[in-house]
Amino acid sequence: MKNLLATRANPDVSSALAGLFPHDTSDQAISFAPGSPNQQLFPVAAMQAAFNTAIDQAGAGLFQYQTAQGNATLRQQLADRIHKWGQVTTTADNVVLTVGGQQGIDLVAKALLNPGDELAVETPAYIGALAAFDLYQPRYHAVPLTTDGIDLNALEDTLRRHPKIKLLYTVPDYHNPTGITMSTTKRQQLVALANQYDFVILEDTPYRDLGYEHAPLPAIKSFDTQGRVIFLSSFSKILMPGLRTGWLVADGDLLAAILKVRLASDLEANNVVHAAIAAYLTANDLDEHIQNLTQHYRRQRDAMVHALAAYFPEEVQYTRPAGGFFDWVTLPADLDAGELLTHTIQPQAHITYVPATNFYPNRDVHNALRLSYSGLAPQAIDAGMRRLGDELKAAIHATHPVV
Ligand code: PMP
């Protein structure tokens, strides 16, 4: 059957999302691999009540086909929210509800990318975005990150050499996989570059509410004067991923194109879930819920940062996330994080993480790894990091013997 498949779906070329989380059944297993939210923090009872409210209010009509753009109350609540926290002035008509942030990435790629079109991504990049973009067969340009976000000098250099770049994908807040946040100045400068070189920015920001040091910075979209920034976020990390609800904010031609591909993809959003989320937001204070989340996740982040300093060898470098779920660790250039994981760290220490390779469009970086602390209690983080630190010290001393 393979001869009948589209090139984009060739199963011989593995998806960036494939085989990420090796399963370890040992009692001692501690996994820093999945970036899942902590389900003990899910507001299940309040959401159950919200589903009941939504059904009581609308009855059978709730389950009927509705409009392609989806629940108007929820879209208004989201327009208000991005105004309050991101300083973006927009309307409910500019909000598109999506099946998680993931569908938002797919819709933007579908609306913009012909095969061979040029796409800039900051690297390392969110694996799911690469998996979505890969299907549209773009020509990638990798732009490195620095400690305060995308390297704008490297980006401008790339734009000068490749002026046909159409789209730039960025995760400006508590980036997956590095935890890095883009400075406000860079957000402004990035929009200026987009205006100058005529490209679209996809600002993907599911973690922006999960800051442990300060309130969210202004969204990149707040500096957009030409309708060339698409803001994308999600309820997955601040409520529950099982709701499969994300949203994007777009303007003008981009909005029209996204609505067109959206309609062809799935006709309309999941109105039942969206009505329930709208009822939840009416009956509950989402900001209060988020404050509770950040208190928990901050403790987990603190445990991770403490463990990195206490147990990791001095030859490795790591980021210091001010929010979100992730830390990025860079090993000496001759160590391969994937090989180490398979051959020693998982079998001997029962620790897992995600190696760097999948976070690069050309799969060409091997000496780094992503650690996630979102699903682990501080004690488990400490115990796991001690074991991982010992393994890394042994690996480094084996390749760099002290003479
Ligand atoms: N973007 C980023 C940066 C993510 O980390 C994730 C989930 N891990 C998503 C988008 C998609 O999440 P969802 O579809 O659950 O909203």
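Visitor: Which helix here is largely enclosed by the rest of the structure, and how many of its residues are buried?

Guide: In this predicted model, that helix is α4, residues 127–134, where 7 of the 8 residues are buried, so the helix is largely enclosed by the rest of the structure. A residue is called buried when its relative accessible area is under 20%. In α4 the buried residues are Ile 127, Gly 128, Ala 129, Leu 130, Ala 131, Ala 132 and Phe 133.

Visitor: What covers the buried residues of α4?

Guide: The cover includes the helix α3 (100–112) together with β3 (118–123), β4 (139–146), β6 (167–170), β7 and β13 (354–355).

Visitor: How should I read the burial pattern of a helix such as α11, and which of its residues are buried?

Guide: An α-helix has 3.6 residues a turn, so residues three or four places apart point the same way. In α11 the buried residues are Ile 381, Gly 384, Met 385, Leu 388, Gly 389, Glu 391, Leu 392, Ala 395 and Ile 396. These buried residues pack against β1 (30–31), α9 (286–311), α10 (337–349), β12 (351–352) and β14 (368–372).

Visitor: What span should α11 have, and how far apart are its end C-alpha atoms?

Guide: At 1.5 Å a residue, the 22 residues of α11 (residues 378–399) should span 32 Å, and the end C-alpha atoms are 31 Å apart, which agrees.

Visitor: Turning to strand β14, which of its residues point one way and which the other way?

Guide: From β14, Ala 368, Arg 370 and Ser 372 point one way, while Leu 369 and Leu 371 point the other way, and all are buried. With 5 of its 5 residues buried, β14 is therefore largely enclosed by the rest of the structure.

Visitor: Which strands are joined to β14 by bridges, and do they run parallel or antiparallel?

Guide: Strand β11 (residues 326–330) is joined to β14 by 5 bridges, and the two run antiparallel; in this pairing Asp 327 stands opposite Leu 371. Strand β13 is joined to β14 by 2 bridges, again in an antiparallel arrangement, and there Pro 355 has Leu 369 as its bridge partner.

Visitor: For a single side chain such as His 141, is the residue buried or exposed, and what does its side chain meet?

Guide: His 141 is found in strand β4, and because its relative accessibility is 7%, His 141 counts as buried. A polar contact of 2.4 Å joins its side chain to that of Glu 118. Setting aside neighbours within four places in sequence, His 141 is in contact with Glu 118, Leu 119, Ala 120, Val 121, Thr 158, His 162 and Ile 165.

Visitor: Where is Arg 228 placed, and is this residue buried or exposed?

Guide: Arg 228 lies in the loop between β7 (200–204) and β8 (229–234), and it is buried, with a relative accessible area of 12%. Beyond its neighbours within four places in sequence, Arg 228 is in contact with Ala 194, Asn 195, Asp 198, Phe 199, Val 200, Ile 201 and Leu 254.

Visitor: Lastly, which residues come nearest to the ligand, and which polar side-chain atoms lie by its oxygen or nitrogen atoms?

Guide: Of the 13 residues around the ligand, Gly 101, Asp 204, Tyr 207, Ser 234 and Ser 236 come nearest. A polar side-chain atom of Asp 204 lies 2.6 Å from a nitrogen atom of the ligand, whereas Asn 176 places a polar side-chain atom 2.8 Å from an oxygen atom of the ligand, and Ser 236 has one 2.6 Å from an oxygen atom of the ligand. The protein covers 90% of the 390 Å² of accessible area that the ligand has on its own.

How values were computed: Residues numbered from 1 in each chain as written. Predicted model: local features only at pLDDT ≥ 70, side-chain atom pairs only at ≥ 80, totals over all residues. Heavy atoms only, no water. Helix = DSSP H or I, 4+ residues; strand = E, 2+ residues; numbered from the N terminus. Expected span 1.5 Å × (residues − 1). Buried < 20%, exposed > 50% of the residue type's maximum accessible area, 1.4 Å probe, protein only. Contact = heavy atoms within 4.5 Å. Near = heavy atom within 4 Å. Polar contact = N/O pair within 3.5 Å; in protein donor to acceptor, adjacent residues only side chain to side chain. Areas by Shrake-Rupley, 256 points an atom, 1.4 Å probe, with all protein chains shown as cover. Pairing = 2+ DSSP bridges.
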